[in-house]
Amino acid sequence: AAFAEAANVHEAVYYAPYLSQAPMEPPAALARITEDGGCEAWACTQNPQAAQDTVAGTLGIDKELVKVHVTLLGGGFGRKSKPDFIAEAAWLARKTERPVKVCWTREDDIRHGYFHSVSMQYLKAGLDAENNATALLHRTCFPSIGSTFNPMATGPGGFELDLGFLDNPYTFPNLQLETADAKAHLRIGWLRSVCNVFHAFAICGFMDELANLAGRDPKEYLLEMLGDARQIDPVDDGAKYGNYGHPLDQHPIDTGRIAAVLEKVADMADWGRSLPDGRGLGIAVHRSFASIVAAVAEVSVDARGQTTVHDVWTVIDAGTTINPDRVTSQMEGAAIFGMSIALHGEITARDGAVVQGNYDTYPVVRMSEAPEAVHVHSMDSTAAPGGVGEPGVPPVAPAIVNAYHAATGKRVRELPLPKSGMS
């Protein structure tokens with residue numbers, strides 16, 4: 001009904017591709033069979049419990065006979081939560097009757113790992129005569145990570161929808177959220193911040209579009225759409241959990257905290273200052289893992305279409321924090337990780353096989369591309385502790401994409417950013 005009464009309607013489709021975690025050190029494990037018929041393994045694993053269960057199942061032994069030593073990860077980002085490479089070492093150790101070390105090549109990992117899911121997001125806004133938003137329809141479509149465990153899974157569900165979709169904090173008078181089925185064609189796994197990657201890309205980009213349609217400053221528009229400071233429940237008042245199962249009575253969705261983070265990052269970046277032609281600022285904010293992170297990126301695009309990220313500012317409200325240096329380092333790493341998603345990340349297939357195989361075909365941000373600085377601030381808070389390792393990633397790519405629009409006037413709704421001009 002709101003769309004029928006709207007003076008104007010604005011629609012957009014956002015696409016994010018399959019991604020690989022591409023850690024610096026590929027998966028590796030060493031296993032030996034013990035005298036009691038058990039197995040001892042050393043592995044760069046994020047999930048030793050799953051490794052114990054999988055090795056026990058592979059060898060057909062009681063899991064109490066499996067001992068897993070956790071080594072330094074060398075990067076994980078979700079890939080090393082999967083114990084397939086550890087099970088390989090254990091199986092080979094039994095077959096050869098000697099200790100076996102398995103080390104995947106990077107080509108093995110990028111072509112045969114567990115990929116972050118591809119996604120399509122459809123957004124439609126109803127607008128009044130002054131281009132104020134009166135309604136939002138947001139439809140999300142992606143192969144579910146559940147397909148890795150259940151071949152009957154055909155689309156989004158469960159906790160995946162808590163990750164930046166159901167927990168929309170904006171004051172649209174009319175809001176409708178829908179899912180659409182999508183069958184998995186690759187193994188789906190975890191990647192740093194999971195579904196928040198594409199949900200934040202879509203909603204943060206679309207909010208920037210609505211601000212431009214309304215002729216409003218993007219930061220001021222976000223603050224207006226957050227509305228009065230309040231605590232809200234996603235979907236309905238009966239919801240008790242949100243964003244990876246965090247209880248909302250301990251980690252409420254607090255629009256006042258979101259607004260404060262936005263104000264702080266804008267102040268740090270001197271938001272609103274004049275910039276030369278071909279250079280722009282972009283802003284985005286997203287809540288995930290019970291923490292709130294806002295990012296501003298300063299981007300320039302030259303005559304050849306080459307994009308340069310000059311500076312990134314990030315502010316996190318993670319509630320009570322214990323080690324501020326660790327918070328800063330995680331946010332700095334998240335900025336580079338998010339830049340890699342925005343500028344380079346894309347897994348494609350040809351003739352039934354993944355095309356990319358190493359950093360030459362699946363680049364990550366190099367030192368020569370890194371911004372001059374990643375400016376980090378952690379808000380003082382006595383709230384319950386939230387996450388730090390993952391929440392820094394989601395707002396970075398949309399901040400860069402929004403800055404790209406400010407610099408060029410060209411709207412990008414598909415990742416990664418074009419390498420030279422618009423296709």
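How many helices and strands does the secondary structure of the chain come to? The count is 9 helices and 18 strands, where helices (H or I, at least four residues) and strands (E, at least two) are DSSP runs numbered from the N terminus.

This is a predicted model, so to speak, with local features needing pLDDT of at least 70 and side-chain atom pairs pLDDT 80 or more, while totals for chains, interfaces and linings use all residues. Residues are numbered from 1 along each chain as its sequence is written, and side-chain values use heavy atoms, leaving out hydrogens and water.

**View 1. The whole chain.** The C-alpha trace spans about 75 × 50 × 45 Å along its principal axes. For 423 residues, a compact globule would have a radius of gyration near 22 Å, and the chain agrees at 22 Å (taken over C-alpha atoms; the rule is 2.2 Å times the number of residues to the power 0.38). Buried residues make up 53% of the 423 (buried is under 20% relative accessible area, exposed over 50%, partly exposed in between; 1.4 Å probe, protein chains only).

**View 2. Leu222 in helix H6.** Here's Leu222, sitting in H6, residues 218-226. Leu222 counts as buried because its relative accessibility is 6%. Phe289 is 67 residues away along the chain, and the two C-alpha atoms are separated by 21 Å.

**View 3. Asp108 in helix H4.** Asp108 belongs to H4, which runs over residues 106-112. With a relative accessible area of 30%, Asp108 is partly exposed.
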